[in-house]
Amino acid sequence: MPTRRQLRVNNLLQEEISQIIRTDIRDPDLGFVTITGVEITGDLRQAHVHVSVLGDEEEAHNTMAALVRARSAIRSELGNRLRLKYVPQLVFELDETAQHAQRIETLVSKFENELPQTDHDFAPAVAQIAQLLTQQRPTAIFIHCHPDGDALGSGLALSLALQQRGQFVPMVCADPLPSRYQFLPATDRLTTQVPADFEVAVVLDAADRRQLGPFAETPDQAQTVVWIDHHRTNQGGADIDYLDPSAPATAWLVRPIIEAIGAAITTDMATCLYTGLATDTGFFTFDNTTAQALYAGAQLIREGANPHGIAQAVNKQHKLSALHLQGQALTSLDSAADGRIVYAQLTPGDFDATGAESEDTEGIIDLLKTVADSEVQVLFKATTHNCWRISLRSSLIDVAAIAQKFGGGGHIAAAGCTITGSLPEVRACMLETITSALDERQ
Ligand SMILES: [Mn+2]
């Protein structure tokens with residue numbers, strides 16, 4: 001019988017070794033490994049580390065070899081982390097017992113139970129799209145204007161996958177690449193030029209055709225239009241619709257297509273997909289951050305995405321003008337409905353005074369969300385004369401429904417629309433609509 005001290009050390013070692021393998025060991029041979037248990041000897045000098053590997057025999061073999069190579073690195077990191085008189089020698093043992101297989105199966109089924117339940121089976125749509133995309137017909141990808149991390153990440157990942165299959169597919173967008181996304185690979189295929197002829201159009205991350213701006217009707221030039229999106233307000237109607245509002249990001253939907261066309265996920269593709277998933281989940285903090293989303297993120301990190309580098313590039317690279325614009329927005333901050341609504345506005349004068357551009361408004365709405373006790377956040381942004389782009393956020397009411405009333409759309413917790421009129425009129429109308437939605441909830 002192990003002593004209590006042994007049991008305590010076993011648990012500690014299991015936790016620390018798992019974490020070290022997850023974060024410090026970057027060996028491409030290392031597969032999906034679980035430390036199922038640790039047994040330390042009575043003299044605390046040697047620890048038997050039981051390992052289970054997901055996959056076939058070859059993967060298990062490669063993973064065990066990688067662990068042996070990493071053994072001294074893991075041991076010295078354990079020395080840094082643990083206050084043990086003696087850091088035990090590590091002996092890795094592949095766990096093949098039925099008991100452990102059973103335990104893994106239980107863990108997996110527990111995990112699957114946590115997946116968002118959808119009443120729809122998307123496998124046929126994925127298969128149909130993959131089949132279409134492997135025919136090598138001239139194809140163009142379309143993403144929404146004011147492209148965000150998800151639109152760009154999904155589109156570039158898909159284009160890279162098709163390139164692996166020997167086909168160059170351009171990605172059409174009405175707006176240029178925002179500077180914060182310049183780190184993304186393969187952005188050379190982003191274009192404002194519609195290709196001369198294409199037979200297949202793939203529209204990504206757009207709630208409806210108006211989001212394509214001047215290219216609203218362009219996909220129809222194709223013989224087959226595929227629409228892949230996760231916005232709740234998407235009404236569908238393309239030749240092939242692959243619409244899943246329960247998905248945290250369009251990147252999430254694109255991944256199974258990439259797999260189905262037989263492309264291998266490269267570091268570049270992982271970077272693109274991770275950027276889409278991370279930006280649409282607020283770097284895994286929004287309410288669409290499920291266990292499954294984190295798991296998908298972890299998988300992409302294993303495949304080469306650099307979470308720190310991506311977060312730095314997207315969030316920590318503000319131009320001075322963008323911060324000045326944030327300052328203007330914060331100065332304008334006000335509240336309505338007894339503080340339940342907070343809103344800010346950016347007038348054409350604010351853009352002129354700071355020299356900031358429309359892309360520099362990204363992130364401002366997230367500042368508004370930090371106001372304590374606020375239930376709905378609204379940002380009014382001037383686009384052209386008397387035309388206001390309005391961003392809405394709420395964790396209480398369905399802002400997609402509100403945006404839809406004004407011809408916009410989005411997700412329950414994050415949506416947007418564009419309204420023409422004078423700012424006082426537009427603001428009064430929007431605040432009134434939100435106030436009655438709040439009242440209705442009571
Ligand atoms: Mn998205």
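Visitor: What am I looking at overall?
Guide: It's a predicted model of a protein chain with 442 residues, of which 38% count as buried. The secondary structure comes to 14 helices and 15 strands, and the C-alpha atoms fill a box of roughly 80 × 55 × 40 Å along the principal axes.

Visitor: How is the protein chain divided into domains?
Guide: There's domain 1 (4–98), domain 2 (123–315) and domain 3 (320–441). The centres of domain 1 and domain 2, taken over C-alpha atoms, sit 38 Å apart.

Visitor: Why does H50 count as partly exposed?
Guide: Buried would take 20 or more other C-beta atoms within 10 Å, and exposed would take 12 or fewer. H50 has 19 C-beta neighbours inside 10 Å, so it counts as partly exposed.

Visitor: Where is H50, and what does it touch?
Guide: H50 is in strand β2 (residues 46–54). Leaving out residues up to four places away in sequence, H50 touches I35, T36, G37, E93 and D95. Its C-alpha atom is also 9.4 Å from that of E96, 46 residues away along the chain.

Visitor: Why is D338 called exposed?
Guide: The cut-off for exposed is 12 or fewer C-beta neighbours, and D338 has 9 inside 10 Å, so exposed is the word. You'll find D338 in the loop between β10 (334–336) and β11 (341–346).

Visitor: How do you know that the buried residues of α4 line one face?
Guide: Start with the list for helix α4 (residues 123–133): A125, V126, I129 and L133 are buried. Seen down the axis of α4, they fall within an arc of 100°, so they line one face of the helix. As background, an α-helix has 3.6 residues a turn, so residues three or four places apart point the same way.

Visitor: What is on the other face of α4, and what do its buried residues pack against?
Guide: The face turned away from the buried side of α4 carries the exposed residues A123, P124 and Q131. The buried residues of α4 pack against β4 (139–143), α5 (149–164), β8 (224–229), β9 (240–243) and α6.

Visitor: How do α6 and α7 pack?
Guide: Helix α6 (residues 250–260) and helix α7 (residues 267–280) pack at an angle of about 150°, with their axes 7 Å apart. From α6 the contact uses T250, A251, W252, V254, R255 and I258, and from α7 it uses M269, L273, G276 and L277. By class that's 7 nonpolar, 2 polar and 1 charged residues.

Visitor: How do you know that the length of α10 agrees with what a helix should span?
Guide: At 1.5 Å a residue, the 12 residues of α10 (residues 320–331) should span 16 Å, and the end C-alpha atoms are 17 Å apart, which agrees. In α10, the buried residues are A322, L325, Q326 and A329. They fall within an arc of 105° seen down the axis, so they line one face of α10. The face turned away from them carries the exposed residues L320, L323, G327 and T331.

Visitor: What puts the buried residues of α8 on the same side?
Guide: The buried residues of α8 are A293, A296, G297 and L300. They cover an arc of only 100° around the axis, which puts them on the same side of α8. What covers them includes α6 and α7. Just after α8, G304 takes a positive phi of about 120°.

Technical notes
Residues are numbered from 1 along each chain as its sequence is written. This is a predicted model: local features need pLDDT of at least 70, side-chain atom pairs count only at pLDDT 80 or more; totals for chains, interfaces and linings use all residues. Axes are lines fitted to C-alpha atoms, for helices over the stretch in contact, and angles run from 0 to 180 degrees between N-to-C directions. Helices (H or I, at least four residues) and strands (E, at least two) are DSSP runs, numbered from the N terminus. Two residues are in contact if their C-beta atoms, placed from the backbone, lie within 7 Å. Ala, Val, Leu, Ile, Met, Phe, Trp, Tyr, Cys and Pro count as nonpolar, Asp, Glu, Lys and Arg as charged, and the others, Gly among them, as polar. The arc is that of the directions from the helix axis to the C-beta atoms. Domain bounds come from an automatic or database domain assignment. The expected span of a helix is 1.5 Å times one less than its number of residues.
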